[in-house]
Amino acid sequence: MRSALYGLFVVLCVVAGGWSMRTLAQQPGRPVEPPRTFQYTREQLQQFEAQLRPRMNQYKQAAEQVANFGNQTAWVAHREADGLVEIHEGWSDLMFVISGDASLRVGGEMARPYTESPGEVRSATGSGGEVRTIRAGDVVNVPAGVPHQFLIRPGQQVTFFTMKIVKPI
């Protein structure tokens with residue numbers, strides 16, 4: 001089952017890469033490039049997790065960008081405490097849970113939102129929405145503009161791989 005999920009993950013990355021290159025190739029004057037593909041093994045993802053743990057910030061989270069394809073970026077993130085409520089106005093998060101489990105609040109309202117950086121809205125608290133349990137092997141897509149928040153039980157953790165995919169104009 002796990003190997004099938006990892007296979008699905010690799011296929012999703014290849015499809016996302018191919019979709020982005022077809023979109024670029026359709027623009028006049030742009031050279032046509034072959035799709036860029038990549039693969040991270042389970043062992044490599046576990047190494048990222050081990051490297052991120054000692055680098056956690058005051059919110060008990062750490063993340064590292066591992067690839068940049070222009071209109072999409074690949075990240076690995078590790079969390080050991082609740083995150084802020086987030087809205088990414090310009091991209092979707094396609095997440096693959098590597099290890100651990102968490103609750104993920106999707107949708108709802110943000111209390112006292114503020115702009116952290118262009119296109120990045122945050123809030124310390126939120127309400128409503130749907131709370132889903134996510135576990136190792138799960139794949140989740142959060143579309144651009146949708147509030148979301150990781151909720152981590154004390155003593156638990158979650159590590160996940162994310163493709164941040166630019167929202168089509």
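Mentor: E4 and E10 pair in the antiparallel sense over four bridges; two strands pair if DSSP finds at least two bridges between them. Strands (E, at least two residues) are DSSP runs, numbered from the N terminus. This is a predicted model, in which local features need pLDDT of at least 70, side-chain atom pairs count only at pLDDT 80 or more, and totals for chains, interfaces and linings use all residues. Residues are numbered from 1 along each chain as its sequence is written, and side-chain values use heavy atoms, with hydrogens and water left out.

Trainee: Which residue in E10 is the bridge partner of Leu94?

Mentor: E10 spans residues 139–142, with Val140 and Val142 on a covered face. Val139 and Asn141 form its uncovered face. In a regular strand the side chains alternate between the two faces of the sheet. The partner of Leu94 is Asn141.

Trainee: Is Asn68 buried, partly exposed or exposed?

Mentor: Asn68 belongs to strand E1. Buried means under 20% relative accessible area, exposed over 50%, and partly exposed in between (1.4 Å probe, protein chains only). Asn68 has a relative accessible area of 49%, so it is partly exposed.

Trainee: Which backbone nitrogen does the side chain of Asn68 reach?

Mentor: Leaving aside neighbours within four places in sequence, Asn68 is in contact (heavy atoms within 4.5 Å) with Arg36 and Thr73. At 2.8 Å, the side chain of Asn68 reaches the backbone nitrogen of Gly70.

Definitions and conventions: A polar contact is a pair of N or O atoms within 3.5 Å; within protein, one must be able to donate a hydrogen and the other to accept it, and residues adjacent in sequence count only if both atoms are side-chain atoms.
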